[in-house]
Amino acid sequence: MTAVLTEPAEQPGDQRPRQRRGWIDVWDPENPAFWQRTGRRIAWRNLGVGVVAEHLAFNVWLLMSVVVVSLNDVGFAFTTSEKFLLVIVPNLVGALLRVPYTFALPVFGGRAWTTIATSVLLVPCAMLAYAVTSGAPYWFFLLTSAAMGLGGATFSSSMANMSFFFPDREKGLALGLNAAGGNIGAAVAQLVVPLVITLGTGINLAYAALLWMPLIIVSSACAWRYMDSLTSAKPDGSSYKAALRTKHTWIASLLYVGAFGSFIGFSFAFPLLIGTSFAEYDHFIGFAFLGALISALCRPVGGWLADRFSGARIALLAFAGMAVGAATALIGVTDHDFGVFFCSFIALFVLTGIGNGAIYRMIPSIFTARARERGDDVSAAKRQAGAVVGLTGAVGAIGGVAVNLVFRFALSNGGSLVPALAVFICFYGVCITVTWWFYLRSRFAIERVPNLAYASV
């Protein structure tokens with residue numbers, strides 16, 4: 001059944017009953033009266049349910065990065081290189097599926113697609129439970145890792161969906177909270193799973209999978225019952241084509257590789273990095289969750305700061321700090337100082353979270369500002385921004401794959417993290433330069449896109 005929200009001449013505080021389920025044909029969050037009377041309540045309800053679903057998706061996506069640390073303890077003789085490959089595969093699959101997942105949003109609607117995308121997470125959980133209890137071969141573990149990539153794919157469609165619910169003035173906080181809810185899933189998986197698998201006698205890796213299955217079922221039911229679909233949430237094919245031709249799509253994607261690619265790459269690899277480079281401190285692997293947790297909590301802070309001080313400025317400062325953090329981590333590795341290494345990575349996680357929030361806040365503002373400057377249709381620009389959110393999320397996740405490939409190459413060939421950290425320092429320098437050149441130079445900001453540097457970008 002279709003719910004139609006219009007703007008009749010009632011008082012702003014009027015709360016009319018409406019059909020909770022179905023499609024909303026009229027959605028105007030930029031209208032203050034509409035937003036205060038009806039829009040805010042609906043938007044935040046959808047955000048709340050969506051955050052839970054996204055959180056569980058990240059739990060499943062990061063699951064192999066936790067399980068892989070204990071595989072040898074239960075009789076699977078996998079090499080370090082094979083373990084890194086198990087960590088890389090879900091990252092890669094999640095990245096590649098993000099664009100088709102975003103295309104599915106206008107076809108199915110946010111409500112139905114969230115329900116579907118959450119329900120299919122039962123598949124990799126069931127596969128993992130079978131793999132660790134049946135002595136499955138390595139190829140089946142690779143297939144299981146690939147299925148876990150379904151969890152990572154949901155991010156872009158979820159972010160694109162939520163970007164349509166909120167007005168421009170509140171997008172930074174809303175998108176930051178939505179992303180943080182998912183990102184915290186990485187930390188929760190790394191915190192809870194090591195505790196759960198040790199319940200009872202010995203190590204029971206099947207518990208790592210069985211833990212999430214009832215929660216996935218409940219979350220899917222809640223998405224179907226309480227979420228809505230917007231007919232205006234259409235980052236359609238024409239929007240993608242326009243986005244592909246716009247240089248700012250690729251600039252934003254490059255920056256997101258630096259921020260989100262670092263976050264997800266570090267999150268997947270951090271437990272293994274501790275175990276391989278500081279084996280005598282392997283009892284600290286249980287604290288690896290702190291990095292992902294802190295980064296996730298800092299993401300809405302980055303969006304909030306971007307709402308007030310310009311996303312470009314916050315992103316540039318984040319990249320500068322990340323370069324410093326990578327340099328101090330390099331010193332920790334060179335001096336074999338675990339304290340310096342661990343604290344440096346925690347600082348990197350903080351800054352990736354802030355950078356993620358700032359960059360995602362930049363995207364809708366860039367395209368809205370350009371449309372207003374040129375006199376183009378602002379609603380079309382918002383649809384294009386929704387498409388860019390999907391593309392950028394996919395490219396950013398591929399950046400996480402690249403991060404883990406760099407780690408794998410450095411450890412496999414030189415046995416040290418020094419070359420990998422040196423690569424990251426150089427790349428963050430590139431991100432600093434790109435951010436300043438395109439979004440902070442006064443000539444560009446004032447003459448080309450006047451709102452970019454000063455109006456919440």
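Which residues does Leu411 touch, not counting residues up to four places away in sequence? They are Phe84, Leu273, Thr276, Ser277, Ser416 and Leu417. Contact here means heavy atoms within 4.5 Å. Leu411 is found in helix α15 (residues 378-413). At 14% relative accessibility, Leu411 counts as buried. The cut-offs are under 20% relative accessible area for buried and over 50% for exposed, with partly exposed in between (1.4 Å probe, protein chains only). Leu411 and Thr80 are 331 residues apart in sequence, yet their C-alpha atoms are 8.9 Å apart in space.

The model is predicted; local features need pLDDT of at least 70, side-chain atom pairs count only at pLDDT 80 or more, and totals for chains, interfaces and linings use all residues. Residues are numbered from 1 along each chain as its sequence is written, and side-chain values use heavy atoms, with hydrogens and water left out.

The secondary structure comprises 17 helices and 3 strands. Helices (H or I, at least four residues) and strands (E, at least two) are DSSP runs, numbered from the N terminus. Of the 457 residues in the protein, 58% are buried. Among contacts between residues at least 6 apart in sequence, 81% join residues at least 24 apart. The accessible surface comes to about 16600 Å², and carbon and sulfur atoms account for 67% of that area. Areas come from the Shrake-Rupley method with a 1.4 Å probe; for residues, only the protein chains shown count as cover.

The largest nonpolar core has 139 residues. Such a core is a set of buried Ala, Val, Leu, Ile, Met, Phe, Trp, Tyr and Cys residues joined through side-chain atoms within 4.5 Å. Phe141, Phe341, Phe345 and Phe407 have the most contacts inside this core. Helix α14 (residues 338-374) gives the most to it, with 16 residues. Phe345 is buried, at a relative accessible area of 0%. Leaving aside neighbours within four places in sequence, Phe345 is in contact with Phe266, Phe270, Leu273, Ala329, Phe407 and Leu421.

A search of the whole structure finds 35 aromatic pairs. Rings of Phe, Tyr and Trp (its six-membered ring) pair if their centres lie within 6.5 Å; planes under 30 degrees apart count as stacked, over 60 as edge-to-face and the rest as tilted. Trp27 and Phe165 are edge-to-face, because their ring centres are 5.6 Å apart and their planes lie at 75°. This pair links distant parts of the chain, 138 residues apart: Trp27 is in the loop between β2 (23-24) and α1 (32-61), and Phe165 is in helix α6 (residues 138-165). Phe165 counts as buried at 0% relative accessibility. The rings of Phe270 and Phe345 have centres 5.3 Å apart and planes at 20°, so this pair is stacked. Phe270 in helix α11 and Phe345 in helix α14 are 75 residues apart. One aromatic cluster includes Phe266, Phe270, Phe345, Phe407 and Phe424.

Ser262 also lies in helix α11 (residues 247-277). Ser262 is buried, with a relative accessible area of 3%. Beyond neighbours within four places in sequence, Ser262 is in contact with Val257, Met322, Thr352, Val403 and Tyr428.

Helix α16 (residues 418-439) has 22 residues. Its first and last C-alpha atoms are 32 Å apart, close to the 32 Å expected at 1.5 Å a residue. The expected span is 1.5 Å times one less than the number of residues. Buried residues in α16 are Ala420, Leu421, Phe424, Tyr428, Cys431, Val434, Thr435 and Tyr439. They lie on the same side of α16, because they cover an arc of only 135° around the axis. The arc is that of the directions from the helix axis to the C-beta atoms.
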